[in-house]
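User: I would like a close look at one part of this protein. Please keep it brisk and spell out the cut-offs.

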Amino acid sequence: MVTAVHSLPAPRTVSVRHLGPNWYASVMGTSVVATAGAALPVHLGGLRAVCTAVWALSSVLLATLLTARARHWAHHRDQARAHLLDPAVVPFYGCLSMALLAVGGGAVTVGRDWIGTGAAVALDTVLFTAGTAVGLAAAVAVPYLMAVRHRVEPSEATPVWLLPLVAPMVSAALGPLLVPHLPPGQPRETLLLACLSLFGLSLLATLLMLPLVFARLVSGPLPLALTPTLFLVLGPLGQSTTALSLIADDAAGVVPAPYARGLGVFAVLYGVPVMGFALLWLVLATAHVVRARRQGMGFALTWWAFTFPVGTCVTGTAALARHTGLAVYDALAVGLYALLVTAWAAAAAGTVRGLFRGELLAGPRPAPGAPRPATVRTRSGAGR
């Protein structure tokens, strides 16, 4: 905490000492409001303009956080290294990747209305490349650190462990947006099949992790502050459905015809049952959150877990609506988007209040009632 700093540092550096990588979740959650709104199967007057403004806000948030995190590494390297060695914090480095990817994808989806297609594609190219590189690094480095440097037990598993593994799936879902802007032939096919490879990489890694998360859940409820992270399970479900659908959309004329048709069929055969499970998990996670709220769960930065995962379910169901033509998916996408906007408003309001009160960037506090030290070690504010 600030009082533990031996010297009196300049005020400009104190505020970022406890700024952890979990803050990138606010960028993800804001950007997905824009891209999910643009993907809706209904067209409301003024909605696209609002979505573009929200994307612009997410871009400002990303630039602000990148600057603040750079200062964090420059002035508080001891704390930055401590984050890497903290199994409760290091998975949030996956959020950096997804924040870069989300803003980049939003540039092509809605940002082009304000900055032009050329600038949007250039911005997305830079952010997609950086985000994919960071995501692949996190998908390898975080599990490696947890295996050789951290001391964690399967009973300490939380949905936060999914974050670095889901990041490549976000690349798989947003990479197809750049395919039409590449030269025909090998460049387009290479990127499209690379996205399919990222889909498989992330899906199989997630399938290895989900049993640990579910086993931890059935052994007892998560600590109150971590309960919202149950919504993170929706991320790989909705994002994988979105990824396959967008890959199938771009496959015609890029890969041979039999494979293009097969990808279209696979997108539906995969997406329908997976989104069915996503709805089941949404109800289960909501029940846990209601229980935690009744037991006194207050605002924490983990509330941002309510946003991006739900947003991926919006884009997933909207994609299924396009591929199947079923009105039920249209209605489901609209309903999930209403839930997303409500969740974003709650998370944003709580974050603004916490910043003005100085709570979210203050030093670490003990986590009362946490059964394991791993839940106490959220020293960056990840568990606040």
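Which side chain does Asp113 meet in a salt bridge?

Analyst: Asp113 pairs with Arg48, at 2.5 Å from N to O. A salt bridge here is a side-chain nitrogen of Lys or Arg within 4 Å of a carboxyl oxygen of Asp or Glu. Asp113 sits in helix α5 and Arg48 in helix α3 (residues 47–75), so the bridge ties together parts 65 residues apart in sequence. Helices are DSSP runs of H or I with at least four residues, numbered from the N terminus.

A word on the basis. This is a predicted model, where local features need pLDDT of at least 70 and side-chain atom pairs count only at pLDDT 80 or more, while totals for chains, interfaces and linings use all residues. Residues are numbered from 1 along each chain as its sequence is written, and side-chain values use heavy atoms, with hydrogens and water left out.

Now the surroundings of the pair. Asp113 is partly exposed, at 41% relative accessible area. Arg48 is partly exposed too, at 34%. The scale is this: buried means under 20% relative accessible area, exposed means over 50%, and partly exposed lies in between (1.4 Å probe, protein chains only).

Stay with helix α5, which spans residues 93–115. Cys95 is also placed in this helix. Cys95 is buried, with a relative accessible area of 2%.

The whole structure holds three salt bridges. Another one joins Arg17 and Asp78, at 2.9 Å from N to O. Arg17 lies in the loop between α1 (11–14) and α2, whereas Asp78 is in helix α4 (residues 77–84); they are 61 residues apart. Arg17 is buried, at 17%. Asp78 is partly exposed, at 41%.

Arg322 and Asp249 also form a salt bridge, at 2.7 Å from N to O. Arg322 belongs to helix α11 and Asp249 to helix α9 (residues 234–251), so this pair ties together parts 73 residues apart in sequence. Both ends are partly exposed: Arg322 at 46%, Asp249 at 36%.

Helix α11 (residues 308–324) has a further contact to describe. Its axis comes within 9 Å of the axis of helix α2 (residues 24–39), and the two cross at roughly 15 degrees. Axes are lines fitted to C-alpha atoms, for helices over the stretch in contact, with angles from 0 to 180 degrees between N-to-C directions. That angle makes α2 roughly parallel to α11, a label for angles under 35 degrees.

Methods. Parallel < 35°, antiparallel > 145°, perpendicular 65-115°, else oblique.
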